Amino acid sequence: MVMFPAVRPRRLRYSPVVRAMVRETSLSVASFVYPLFVTFGSNVKRPIQSMPGCFAESVDVVAKSARDVHALGIPAVILFGIPERKDEQGSGAYDPNGVVQLAVREIKHAVPELFVITDVCLCEYTSHGHCGILEDGQILNDPTLELLARVAVSHVRAGADMVAPSDMMDGRVLAIRRALDSEGLATIPIMSYAVKYASAFYGPFREAADSTPAFGDRKSHQMDPANRREAIKEAAIDIEEGADIIMVKPALSYLDIISDVKHAFSVPVAAYNVSGEYAMVHAGARLGWIDYEKVMMEILLSIKRAGADLILTYFAKDAAKILG
Ligand code: PBG
């Protein structure tokens, strides 16, 4: 290999024009998905303490927020519901007049061009905060699938453009695909939270969605953060079952996983830049220890560089303003 002084990598760094010409990765607002939290009541806009700039909003208010998101050029939102009542089965999740179903209708009415994704899970709707039906403290896998399929169908009937199962039960992509197809909804894609780790980075979200498990944790279904090879297995299973987009979650501590999944499969990869990742940047910036905008853009760029086609992020609006 030719060495210094013939080789000088800095030659391509002196000029901002050349730096831009040889830049390998670029961020685009077109790849952002902005999460919205929908709650019951009217005229509600409740700040989420550990997620500055994020709110739990009632259906009437969320439609206005969706309009603002779209005006910034962000093409899609993902909806999470915070219902008025919770029960053992999480029946609010598939109520045709549940918070998410109502919000989907309102948003599609207010901003038809905005692509509306819904999170499909039971944990925000169950009294115990677990992602499925419980028996003797265990989450039952197969009986939960039927409920998840009902949730997905109810979201799409309300007008959702894509569903995103986040529960990590075995077989749920197939159950949802079959249910959608048998309802004549074969054209609706599934974005699977295929590679979802049992992460402490979900802390602020659980405060927002009031979905912290009443006992125990999610380690019996979400992945062990120590595992890398298993991510490929999970993604392969979900693709086989009919997932159209594969998600890796969280993003920042799992860039190696995003890269692995990107290289192993030819489906689009989404990465979820989760609540704890967002909260950390805000906390650091508030203390004056880091530059909010620069760190935010560097994080988003790193997720894109690792291989994410889509980025679900609470930073979407702030980043869109910078990207212009
Ligand atoms: C489950 C779900 C969670 C998140 C998205 N969907 C929480 C969990 O698994 O406990 C976390 C998102 C975030 O932290 O930003 N419905």
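Visitor: Where does the ligand sit?
Guide: The model is predicted: local features need pLDDT of at least 70, side-chain atom pairs count only at pLDDT 80 or more, and totals for chains, interfaces and linings use all residues. A cavity is a set of points, on a 1 Å grid over the protein atoms alone, where a 1.4 Å probe fits but cannot get out. A molecule sits in one if more than half of its atoms lie within 2 Å of its grid points. By that test, the ligand sits in the largest cavity.

Visitor: How far is the polar side-chain atom of Ser275 from an oxygen atom of the ligand?
Guide: Residues are numbered from 1 along each chain as its sequence is written, and side-chain values use heavy atoms, with hydrogens and water left out. A polar contact is a pair of N or O atoms within 3.5 Å. For Arg218, a polar side-chain atom lies 2.9 Å from a ligand oxygen; for Ser275 the value is 2.7 Å.

Visitor: What share of the area that the ligand exposes when taken alone does the protein bury?
Guide: Accessible areas come from the Shrake-Rupley method with a 1.4 Å probe. Taken alone, the ligand exposes 400 Å², and the share buried by the protein is 100%.

Visitor: Is Cys54 buried or exposed?
Guide: Buried means under 20% relative accessible area, exposed over 50%, and partly exposed in between. With 4% relative accessibility, Cys54 is buried.

Conventions. A polar contact is a pair of N or O atoms within 3.5 Å; within protein, one must be able to donate a hydrogen and the other to accept it, and residues adjacent in sequence count only if both atoms are side-chain atoms. On a 1 Å grid over the protein atoms alone, a cavity is a set of points where a 1.4 Å probe fits but cannot get out, and a pocket is an open set with protein on both sides within 12 Å along at least five of seven lines; lining residues have an atom within 4 Å of a point. Buried means under 20% relative accessible area, exposed over 50%, partly exposed in between (1.4 Å probe, protein chains only).
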